[in-house]
Amino acid sequence: MRILGIDYGDARTGLSVSDPSGFLAGSPSVIHEWNYDKLTDKLVSFIEENKIEEIVLGWPKNMDGTVGERAKKCEALAKTLEERTGLAVVLWDERRTTVAAHDILHQAGKKSKQHRKNVDAVAATLILQGYLDFKRSRR
């Protein structure tokens, strides 16, 4: 089962796809798109081309657990993707994934200026791997 992890951003949206067994997150990439309609078109195409069967979308709740503006935008994207693909979208609490992604890039020797290019893809991978680990622990 191919599962797609998404880290939605206004300018860059990170993607990560699981291996066919649904065990490991990988294949990180980024869609550079500001326009919401164009972004959703690109996501739907990606989902169809990669035969995605499940979607997990990072849900950036506030640190106190409340839902802010960014989380509401993710909820709207989830609804759009569900309508356009017929797949359920799991909203996954992604608090601190971007911070963790920056730490990973820093530890890998990437300069801070280079983080912007990759941080969303790394964050999407962390979101997806967290979800995959959770699913596995529930079996």
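Relative accessible area is classed here as buried under 20%, exposed over 50% and partly exposed in between, using a 1.4 Å probe and protein chains only. The structure is a predicted model, in which local features need pLDDT of at least 70, side-chain atom pairs count only at pLDDT 80 or more, and totals for chains, interfaces and linings use all residues. Residues are numbered from 1 along each chain as its sequence is written, and side-chain values use heavy atoms, with hydrogens and water left out.

**View A. Crossing of helices α1 and α2.** Helix α1 (residues 36-49) and helix α2 (residues 69-85) have axes that come within 11 Å and cross at roughly 50°. This makes α1 oblique to α2, the class left over once angles under 35 degrees (roughly parallel), over 145 (roughly antiparallel) and 65 to 115 (roughly perpendicular) are set aside. Axes are lines fitted to C-alpha atoms, for helices over the stretch in contact, with angles from 0 to 180 degrees between N-to-C directions. Helices (H or I, at least four residues) and strands (E, at least two) are DSSP runs numbered from the N terminus. The crossing is right-handed, meaning that the near helix is turned clockwise from the far one by less than a right angle.

**View B. Contact residues of α1 and α2.** From α1, Y36, T40, D41, L43, V44 and I47 meet A76, L77, T80, L81, R84 and T85 of α2, where contact means heavy atoms within 4.5 Å. By class, this contact has 7 nonpolar, 3 polar and 2 charged residues. Nonpolar covers Ala, Val, Leu, Ile, Met, Phe, Trp, Tyr, Cys and Pro, charged covers Asp, Glu, Lys and Arg, and polar the others, Gly among them.

**View C. Salt bridge R84–D41.** The side chains of R84 and D41 meet in a salt bridge at 2.9 Å, N to O. The pair links distant parts of the chain, R84 in α2 and D41 in α1, 43 residues apart. A salt bridge is a side-chain nitrogen of Lys or Arg within 4 Å of a carboxyl oxygen of Asp or Glu. R84 is partly exposed at 39% relative accessibility, and D41 is partly exposed at 39%.

**View D. Salt bridge E54–K135.** A salt bridge joins the side chains of E54 and K135 (2.9 Å, N to O). E54 lies in strand β4 (residues 54-59) and K135 in helix α4 (residues 112-137), so the pair ties together parts 81 residues apart in sequence. E54 is buried at 13%, whereas K135 is partly exposed at 23%.
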